Amino acid sequence: MDKESKLEEEILASFERGEWQSVPNLKAEIARIASIASASLVKDKRVNIRISSRDLEDIQAKAAEEAIPYQTLMASVLHKFVTGRLVEPSPSLTSRSSGTRQKRRAP
């Protein structure tokens, strides 16, 4: 049995056990969640910072690997940092002088 079929069977069994409940006032709940999602995506402030040209080049290269604009990558990293979801890179990275990035410690 493939993964999708197994998942479907688990969902069906859960439904049959009565574990699912309808959301009261579904339209209002969808509107509420959509409003929260929209508010979290609003970018209403502009910030100018100075960073080294090397760091900017590295950010732009990483953004190109991810196929996203570098400003979007920077905003994402900042958002993850302030929400406590920023994950440190693996300790196997070496120093820049050898051609790769060195793991940076938070101040």
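Guide: Let us begin with accessibility: buried means under 20% relative accessible area, exposed over 50%, and partly exposed in between (1.4 Å probe, protein chains only). This is a predicted model, in which local features need pLDDT of at least 70, side-chain atom pairs count only at pLDDT 80 or more, and totals for chains, interfaces and linings use all residues. Residues are numbered from 1 along each chain as its sequence is written, and side-chain values use heavy atoms, with hydrogens and water left out.

Visitor: Why is E65 called exposed?

Guide: E65 has a relative accessible area of 60%, and the term exposed requires over 50%. E65 is therefore exposed.

Visitor: What makes K62 and E66 partly exposed?

Guide: The relative accessible area is 40% for K62 and 44% for E66. Partly exposed covers what lies between the limits for buried and exposed, so K62 and E66 both receive that name.

Visitor: How do you know that K62 forms a salt bridge with E65?

Guide: A salt bridge is a side-chain nitrogen of Lys or Arg within 4 Å of a carboxyl oxygen of Asp or Glu. The closest N and O atoms of K62 and E65 are 3.7 Å apart, so the pair meets the definition. Both residues lie in helix 3, three residues apart, about one turn of the helix. Helices (H or I, at least four residues) and strands (E, at least two) are DSSP runs, numbered from the N terminus.

Visitor: Why is the contact of R17 with E19 called a salt bridge?

Guide: The closest N and O atoms of R17 and E19 are 3.0 Å apart, and the definition asks for a distance within 4 Å, so the name applies. R17 counts as exposed at 54% relative accessibility, whereas E19 is partly exposed at 49%. The structure holds four salt bridges.

Visitor: How do you know that W20 is exposed?

Guide: Its relative accessibility is 52%, so W20 counts as exposed. W20 lies in the loop between helix 1 (3-16) and helix 2. In that loop lies N25 as well, which counts as exposed at 56%.

Visitor: What pattern does the protein chain follow along the sequence?

Guide: The pattern is α-α-α-α, with four helices and zero strands. Of the 107 residues of the chain, 4% count as buried.
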